[in-house]
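Here's a walk through a two-chain model, written for someone who wants to follow along on screen. Have the viewer open and click on the residues as they come up.

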Amino acid sequence: MTIEVRNVVKTFGAFKALDGVDLKVADGELLALLGPSGSGKTTLLRIIAGLEWPDSGEVFFDGENALDRGARERQVGFVFQHYALFRHMTVFENVAFGLRVQPRKIRKSETEIRARVKELLDLVQLDWLADRYPNQLSGGQRQRIALARALAIEPRILLLDEPFGALDAKVRKELRQWLRSLHHEINVTSIFVTHDQEEALEVAHRVVVMDKGKIEQIGTPGEVYDSPATAFVHGFIGESIVLPVECADGAVRLNGRPLDISADANAAGASTLFVRRHDMQVGPAGSGMLQGAVTHVRSFGAVQRAEVTLSEGKTTIEIDTPRDHDLRVGEMVGLKPRRYRIFAG
Amino acid sequence: MTLQRTRTGSASKRPAAAQAAHHDPRAEPKAVRIVIITLAVIFLSVFVVLPLVLVFAEAFAKGVGAYFAGLGDSEALSAIRLTLLVAAISVGLNLLFGLIAAWAIAKFEFAGKTLLITLIDLPFSVSPVISGLVFVLLFGAQGFFGPWMQSHQLQVLFAFPGIALATTFVTFPFVARALIPLMQEQGTQEEEAAISLGASGLQTFFRVTLPNIKWGVLYGVLLCNARAMGEFGAVSVVSGHIRGETNTMPLLVEILYNEYQFVAAFAIASLLALLALITLVAKTVLERHLDEGDNRDH
């Protein structure tokens with residue numbers, strides 16, 4: 001099932017949660033909505049589910065107007081951030097709920113329902129918990145039951161709101177891989193909301209980066225990481241060195257001193273230079289285009305992370321360099337970005 | 001107000017007891033503790049236990065035979081019947097109104113919500129006598145609807161409908177007040193989940209919302225019933241005190257007492273006291289269930 005969102009606007013009082021959002025989701029895609037809290041990502045998800053109604057704009061499922069139908073008729077599986085399992089029902093009854101409330105005409109027989117629930121519990125590998133109550137489960141188990149419950153109605157679309165938000169780091173990692181392989185298995189068009197960039201980049205086919213009710217960029221994880229479309233995306237995804245610069249006629253200046261890099265010919269005025277930490281090349285003092293003194297070095301994992309206080313303006317930046325050349329505190333170094341981006345403002 | 005459950009009460013007692021057992025330095029000296037506990041026991045004995053014992057002592061002062069003669073009197077039986085009927089109707093109505101009001105307030109956002117919450121509390125803040133007088137002003141011979149009602153041969157005041165109305169009004173807040181905080185705390189996510197799974201509004205209510213609040217509903221009904229059966233002020237104003245017809249149990253107790261029929265008066269009072277005791281026990285049991293419900297998710 002494809003999803004199309006056209007120019008959706010939603011306000012809560014004076015707060016503009018969504019400010020003209022357009023989005024197309026391909027059939028079978030696994031899409032991440034990524035953004036800081038208050039960026040409107042959950043509101044967008046709830047509008048697609050029918051739990052919230054837009055002030056204006058349109059939503060289509062396979063070209064069919066979804067706003068004609070309420071949440072009940074949309075056949076959308078929704079997994080809530082805090083699971084929202086029915087606390088007075090066993091795991092089995094939770095999963096069976098969607099099948100039991102169907103109109104009598106199309107409702108499955110008790111035997112069929114039992115078989116289907118068993119199948120779903122097997123799918124999420126928790127069939128041994130069928131008789132437990134939600135409060136007897138761990139967070140990760142609850143999340144998987146919530147997913148099984150949503151899948152019971154054979155949803156045309158699966159929506160997940162911060163699916164791993166309430167879990168500890170280790171469980172999150174495991175569930176991420178599990179979600180990706182589950183999606184591969186069931187192949188239902190799925191959208192999940194997250195504020196965790198690592199989660200979005202690792203799990204999704206495409207990532208939608210949102211800020212202040214607007215979409216900043218839509219692209220594959222590689223695209224949003226390597227070619228951020230806006231300053232916000234560059235700053236939000238991955239770790240960046242951010243320096244305020246001045247642009248004029250293609251030249252770039254830092255505190256009045258020209259840098260050995262070029263900007264777009266039409267870039268002018270106050271701008272911001274973004275460089276990934278690992279894209280800053282370290283050389284001997286006097287080389288490169290920026291000079292600085294190493295003030296702190298932390299070595300762990302594949303790289304060493306150094307704090308360098310620039311001679312220009314006394315700004316301190318953090319860089320990641322390979323461990324083949326050990327940096328020392330107090331050492332003067334020359335820096336040159338291998339890759340960089342300049343955004344106006 | 002009786003409705004505010006002291007949820008922290010039982011929880012805070014336990015650690016305190018445990019601390020005392022370990023000679024907590026913060027604990028009061030033994031002498032102080034004995035004095036305080038003695039004072040509390042004396043106070044409770046004089047103001048709570050003693051009156052209760054006296055009610056039963058007076059009721060049985062002239063023997064078991066006199067006690068049951070007092071209860072078996074036709075006026076007494078009529079009062080008991082009337083009280084049960086009035087309580088059944090007002091509890092039923094308030095259960096319905098309370099559920100609807102709490103559902104609306106806890107699960108939806110709408111204009112005038114604060115006003116509605118204030119209105120629900122109104123019967124608690126108005127003296128019951130005033131509540132009764134309001135119905136006299138509305139349905140009395142000189143009242144707002146009086147002439148119209150007279151021309152249609154409808155009798156509200158000094159009759160069963162008036163008593164039921166006044167009682168329902170006075171006990172209106174109990175169910176709603178027991179449910180609103182509970183439902184607000186539970187939020188709307190389970191309902192949203194139910195609807196996204198294809199449940200209708202009614203299915204959502206009966207399969208998800210109601211099971212989650214059932215102990216709260218029972219709690220509200222229990223308190224509502226206790227108050228409905230014991231209501232004096234409002235009922236006294238609208239009842240007209242017609243013997244064998246419009247006297248509820250509390251009204252009959254007063255009448256009998258004023259006529260120096262102490263055994264009969266206390267016999268009926270003992271029934272009300274018994275109701276209070278049963279209510280108290282049931283309330284304790286329900287509170288345990290409610291607290292368990294709260295702790296489930298944590």
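## Ground rules and confidence

This is a predicted model, in which local features need pLDDT of at least 70, side-chain atom pairs count only at pLDDT 80 or more, and totals for chains, interfaces and linings use all residues. Residues are numbered from 1 along each chain as its sequence is written, while chains are lettered from A and ligands numbered from 1 in the order in which they are written.

For the complex, the predictor gives an ipTM of 0.85 and a pTM of 0.80. Chain B has an average pLDDT of 86, and 90% of its residues score at least 70; pLDDT is the predictor's confidence in each residue, from 0 to 100.

## Chain B, helix by helix

Chain B has 14 helices and zero strands. Both kinds of element are DSSP runs numbered from the N terminus: helices are H or I with at least four residues, strands are E with at least two. The C-alpha trace of chain B spans about 65 × 60 × 30 Å along its principal axes. Of the contacts in chain B with a separation of 6 or more, 74% are between residues 24 or more positions apart.

Of the 298 residues in chain B, 34% count as buried. Buried means 20 or more other C-beta atoms within 10 Å of the residue's own, exposed means 12 or fewer, and partly exposed is in between, with C-beta atoms placed from the backbone.

Which helix is worth a click?

## Where the chains meet

Contact between the chains involves 17 residues of chain B and 19 residues of chain A. On the chain B side, α10 (189-196) and α11 (201-230) each supply at least two residues. The largest share, seven residues, comes from α10(B).

By class, the chain B side that touches chain A has seven nonpolar, six polar and four charged residues. In that scheme Ala, Val, Leu, Ile, Met, Phe, Trp, Tyr, Cys and Pro are nonpolar, Asp, Glu, Lys and Arg are charged, and the others, Gly among them, are polar.

## Nonpolar cores

The largest nonpolar core has 81 residues, and A:Ala32, A:Val95 and A:Leu159 have the most contacts inside it. Such a core is a set of buried Ala, Val, Leu, Ile, Met, Phe, Trp, Tyr and Cys residues joined through C-beta atoms within 7 Å. Leaving out residues up to four places away in sequence, A:Val95 touches residues including A:Val117, A:Leu120, A:Ile145 and A:Ala152. A second, separate core of 61 residues includes B:Ala166, B:Val170, B:Val175 and B:Leu252.

## Sheets in chain A

One open sheet in chain A has six strands in the order β6-β7-β8-β3-β9-β10, with mixed pairing; strands pair if DSSP finds at least two bridges between them. β6 and β10 (214-219) of chain A sit at the edges with a single partner strand each, so one side of each has no neighbour in the sheet. Inside this sheet, β3 (residues 30-34) of chain A runs parallel to β8(A), joined by five bridges, and A:Leu31 stands opposite A:Ile191.

Another open sheet has five strands, β13-β12-β11-β14-β20 (chain A), paired antiparallel. Four bridges join β14 (residues 269-276) of chain A to β20(A), with A:Phe274 opposite A:Arg341.

Most residues other than glycine have a negative phi. A:Ala84, not a glycine, has a positive phi of about 50 degrees; it is in the loop between β6 (76-79) and α2 (91-100) of chain A.

A:Asn187 has a positive phi too, near 55 degrees, and is found in the loop between α5 (169-186) and β8 (189-194) of chain A. Are these two residues buried or exposed? A:Ala84 is buried, with 25 C-beta neighbours inside 10 Å, while A:Asn187 is exposed, with 12 other C-beta atoms within 10 Å.

Conventions. Two residues are in contact if their C-beta atoms, placed from the backbone, lie within 7 Å.
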